[in-house]
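These are my notebook entries on one chain.

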Amino acid sequence: MRKGDRSWQTILIISVVISASSGCRQGSPTPQNVSTNQTANSQTPGTDAQVPEDKGDLRLRYQARKDTISATAHPVGSNPQALEKLISELNQRLILPFDMNVSFEDCQQPDAYYDPETHQVTLCYQLIDEYYDLFAKKIKDKAKLDDAVRAATAATFFHELGHGLVDAWKIPTTGREEDAVDQLSTLVLIERIDDGEQMALDGALSFKLYAGLDKGEKIFWDEHSLDEQRFFDTICLVYGHDEEKFAYLVENGTLPEERAAFCTEDYDKVSHAWRQLLGPYLKQPTEPRPKLKLR
Ligand SMILES: [Zn+2]
């Protein structure tokens, strides 16, 4: 336990939608998955282990929407090339042992998940619709609403991609994998995406709004942290990344001082851990790459 740790009295509500209906990970890796990745298993990050072979790419696919009801007709709204560019950029950086589909499709319910059997990240249009409904309660300006939805969608995508990378290379995690890939998502937004800090904050807001929905029971046994915890964990990393720039989060009471005191240390630890763990599976760019614009 760290000095200053305390339980949050206000962490009370968890969203049925995210925690109960949202699969996130589906099933467990099959024995075949594991055996095909023994090269990865035998590697220790940071050693002179052989460079893993790049045998796959992310493959983006859209399913036509059955019900086109809003700006969610295209998952990235007014910037339809952004997602293709993002996937292309990721393929230039990631070493993968197999192809991984990234599929936007209609589902039975709002959901996003990674399936280790099919190696597919699925983002349901229904989840994007739900983000619109969720943020619309708080954000009246249409452009800002679109921005917030894109941010939450991007945060969810990087979270699910994190599950895919953990599966693909059997990346070790201690603690909850859900927390680890939340952290990865926030780091990618902060470090690789233009205006990504604000996108991470917008993504965090979705957790806060879900937590405020007075529907459903708290699910303490769920593999995800509670929504309010995910909110504070995310804004803590953003603040920890740049204390000066985001001092307002503490000044206006969004991030309690007791937690803020640890955020720089937390950010450094999490960033270091993911660099160590993912390092062997990243192609080194030949020249500095500008941050990607997603909205
Ligand atoms: Zn997850």
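**Entry 1: confidence and overall make-up**

I note at the outset that this is a predicted model. I read a mean pLDDT of 82 for the chain, with 77% of its residues at 70 or more. I then looked up two stretches with pLDDT under 50. Over residues 1–22 pLDDT stays under 50, and the model has 45 contacts beyond four places in sequence for them. Over residues 28–47 pLDDT also stays under 50, and there the model has 25 such contacts.

For the secondary structure I recorded twelve helices and five strands. The chain has 295 residues, of which 40% count as buried. I also checked the sequence range of the contacts: among those between residues at least 6 apart in sequence, 70% join residues at least 24 apart.

**Entry 2: strands**

I began with strand E3, residues 100–105.

Next I looked up the partners of E3. Strand E2 (residues 58–62) pairs with E3 in the parallel sense over five bridges; within this pairing, Arg 61 has Ser 103 of E3 as its bridge partner. Strand E5 (residues 120–124) runs parallel to E3 and is joined to E3 by five bridges. Here Asn 101 has Gln 120 of E5 as its bridge partner.

E5 also pairs with strand E4 (residues 112–115), in the antiparallel sense and through four bridges. Ala 112 has Leu 123 of E5 as its bridge partner. I recorded E4 and E5 as a hairpin with four residues between them, and His 119 in the turn has a positive phi of about 55°.

**Entry 3: nonpolar core**

Which residues touch the most other members of the largest nonpolar core? I found Leu 189 and Ile 235, in a core of 70 residues. Helix H6 gives the most to this core, with 13 residues. For Leu 189 I set aside neighbours within four places in sequence; the contacts are then Ala 154, Ala 155, Phe 158, Gly 196, Met 199 and Ala 200. As general background, nonpolar side chains tend to be buried together in soluble globular proteins.

**Entry 4: a helix crossing**

I looked up how H7 and helix H12 (residues 263–278) meet, and found that their axes come within 10 Å and cross at roughly 95°. Angles of 65 to 115 degrees count as roughly perpendicular, so H7 and H12 are roughly perpendicular to each other. The contact is made by Gln 183, Leu 184 and Leu 187 of H7 with Val 270, Ser 271 and Trp 274 of H12.

**Entry 5: Arg 176**

Where does Arg 176 lie? I placed Arg 176 in the loop between helix H6 (142–169) and helix H7 (177–192). A residue is buried at 20 or more other C-beta atoms within 10 Å and exposed at 12 or fewer; Arg 176 has 13, so Arg 176 is partly exposed. Beyond neighbours within four places in sequence, Arg 176 is in contact with Glu 223 and Ser 225. Arg 176 and Ser 225 are 49 residues apart along the chain, yet 8.4 Å separates their C-alpha atoms.

How values were computed. Residues numbered from 1 in each chain as written. Predicted model: local features only at pLDDT ≥ 70, side-chain atom pairs only at ≥ 80, totals over all residues. Pairing = 2+ DSSP bridges. pLDDT = per-residue confidence, 0-100. Contact = placed C-beta atoms within 7 Å. Core = buried A, V, L, I, M, F, W, Y, C linked by C-beta atoms within 7 Å. Axes fitted to C-alpha atoms, helices over the stretch in contact; angles between N-to-C directions. Parallel < 35°, antiparallel > 145°, perpendicular 65-115°, else oblique.
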